[in-house]
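Welcome to this short briefing on one protein. Take a look at the sequence and the 3D structure, then read through the points that follow.

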Amino acid sequence: LGKQDIQDGELGEGIEREISVVFSDIRAFTSLSEKMTPRESFGFINDYLGHMEPCVEAAGGFIDKYIGDAVMALFPGGPGDAVRASLAMLRALEDFNAERVAAGHVPIAVGIGVNTGPCMLGTIGVPTRMDGTVISDAVNLAARVESMTKRYNARIVVSEATARGLGTEAILREVDRVAVKGKSQPVALFEVLDGELPGVREAKQASAEWFGLALLDFRARRFDSASAGFRRCLEACPEDGAAALYLGRCAWLAAHDPGPGWDGVVRMAEK
């Protein structure tokens with residue numbers, strides 16, 4: 001906002017600029033927290049966030065807010081910074097999990113979603129309680145993209161706007177076209193293969209061409225051919241959640257004519 005001191009900020013001030021937004025979330029945190037006392041849960045979250053925040057700062061971003069176990073981070077420098085931070089967060093997670101295992105606890109998994117777009121950055125609230133944040137459709141979509149990581153069993157998923165800004169900085173695989181709840185225009189989603197675990201990453205890269213061809217068959221309504229392609233991907237990588245998801249879609253669509261208006265886009269009925 002161009003202020004020299006935080007006390008100079010006033011309610012309602014803001015600037016508009018393009019920002020890459022990152023959401024990360026711990027998988028199955030509710031089940032995990034049920035096994036902890038409130039004090040243990042509090043310590044766990046602070047320990048986890050202590051591993052994540054340096055990754056954001058080192059890549060030129062900053063934390064907008066913590067939402068329980070979730071992290072929302074902003075990257076004015078663009079998609080490259082956001083994805084570098086996301087990959088660093090996954091590496092930091094390995095260290096965090098090693099500490100947990102050494103202490104007799106189970107390791108955790110996270111999902112990370114990234115979107116890029118115009119955002120209004122500024123202060124909201126009331127004179128007695130202001131907060132700095134960003135408001136835009138780009139933020140909402142970033143949160144939805146993160147939630148989709150579970151659907152594809154992927155660690156990092158980015159929107160097409162983010163993918164366009166990455167160039168060759170990451171190895172991407174298109175996994176879907178989705179219209180999130182409340183939106184009519186579909187968005188292409190891409191999995192960042194660099195973020196996958198060793199073994200899984202190499203297997204998905206090796207079968208990426210098969211996956212791409214199967215996806216073309218799926219969108220062209222050649223469901224038998226698409227099924228064969230996705231099955232081949234699963235044989236190469238049993239952890240390929242996207243291939244397993246499409247096998248189920250192919251089976252359903254082959255048995256239920258989707259009609260002439262079907263375009264292969266998934267329209268989400270819930271957030």
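Asp-263 counts as partly exposed, with 31% relative accessibility; here buried means under 20% relative accessible area, exposed over 50%, and partly exposed in between (1.4 Å probe, protein chains only). Salt bridges that share partners join Arg-173, Glu-191, Glu-196, Lys-204 and Asp-240 into one network. Please keep in mind that this is a predicted model, where local features need pLDDT of at least 70, side-chain atom pairs count only at pLDDT 80 or more, and totals for chains, interfaces and linings use all residues. Residues are numbered from 1 along each chain as its sequence is written, and side-chain values use heavy atoms, with hydrogens and water left out.

**Salt bridges**

- The structure holds 13 salt bridges, each being a side-chain nitrogen of Lys or Arg within 4 Å of a carboxyl oxygen of Asp or Glu.
- One of them joins the side chains of Arg-173 and Glu-191 at 2.9 Å, N to O.
- Arg-173 sits in strand β7 (residues 172–179) and Glu-191 in strand β8 (residues 187–192), so this pair ties together parts that are 18 residues apart in sequence. Helices (H or I, at least four residues) and strands (E, at least two) are DSSP runs, numbered from the N terminus.
- Are Arg-173 and Glu-191 buried or exposed? Both are buried.
- Asp-263 has Arg-267 as a salt-bridge partner, at 3.0 Å, N to O.
- Glu-202 and Arg-201 also meet through their side chains in a salt bridge, at 3.5 Å, N to O. Glu-202 is partly exposed, with a relative accessible area of 41%, and Arg-201 is partly exposed at 22%.

**Asp-69, a charged residue without a salt bridge**

- You can find Asp-69 in the loop between β2 (62–67) and β3 (70–75).
- Asp-69 is buried yet has no salt bridge. Which side chain of opposite charge is nearest to Asp-69? That is Lys-150, 9.1 Å away; in this count Lys and Arg are positive and Asp and Glu negative, while His and the chain ends are not counted.
- The side chain of Asp-69 reaches the backbone nitrogen of Ile-26 at 3.0 Å.
- Leaving aside neighbours within four places in sequence, Asp-69 is in contact with Ser-24, Asp-25, Ile-26, Phe-29, Ile-45 and Tyr-48, where contact means heavy atoms within 4.5 Å.

**Arg-249 in a helix**

- Arg-249 has its place in helix α9 (residues 241–255), and Arg-249 is buried because its relative accessible area is 15%.
- The side chain of Arg-249 makes a polar contact with the side chain of Asp-176 at 2.9 Å. A polar contact is a pair of N or O atoms within 3.5 Å; within protein, one must be able to donate a hydrogen and the other to accept it, and residues adjacent in sequence count only if both atoms are side-chain atoms.
- Not counting residues up to four places away in sequence, Arg-249 touches Arg-151, Asp-176, Phe-218 and Val-266.

**Phe-190 in a strand**

- Phe-190 lies in strand β8 and counts as buried, at 17% relative accessibility.
- Phe-190 and Ile-156 are 34 residues apart in sequence and 8.5 Å apart in space, C-alpha to C-alpha.
- Beyond four places in sequence, the contacts of Phe-190 include Ile-156, Ala-163, Leu-172 and Arg-173.
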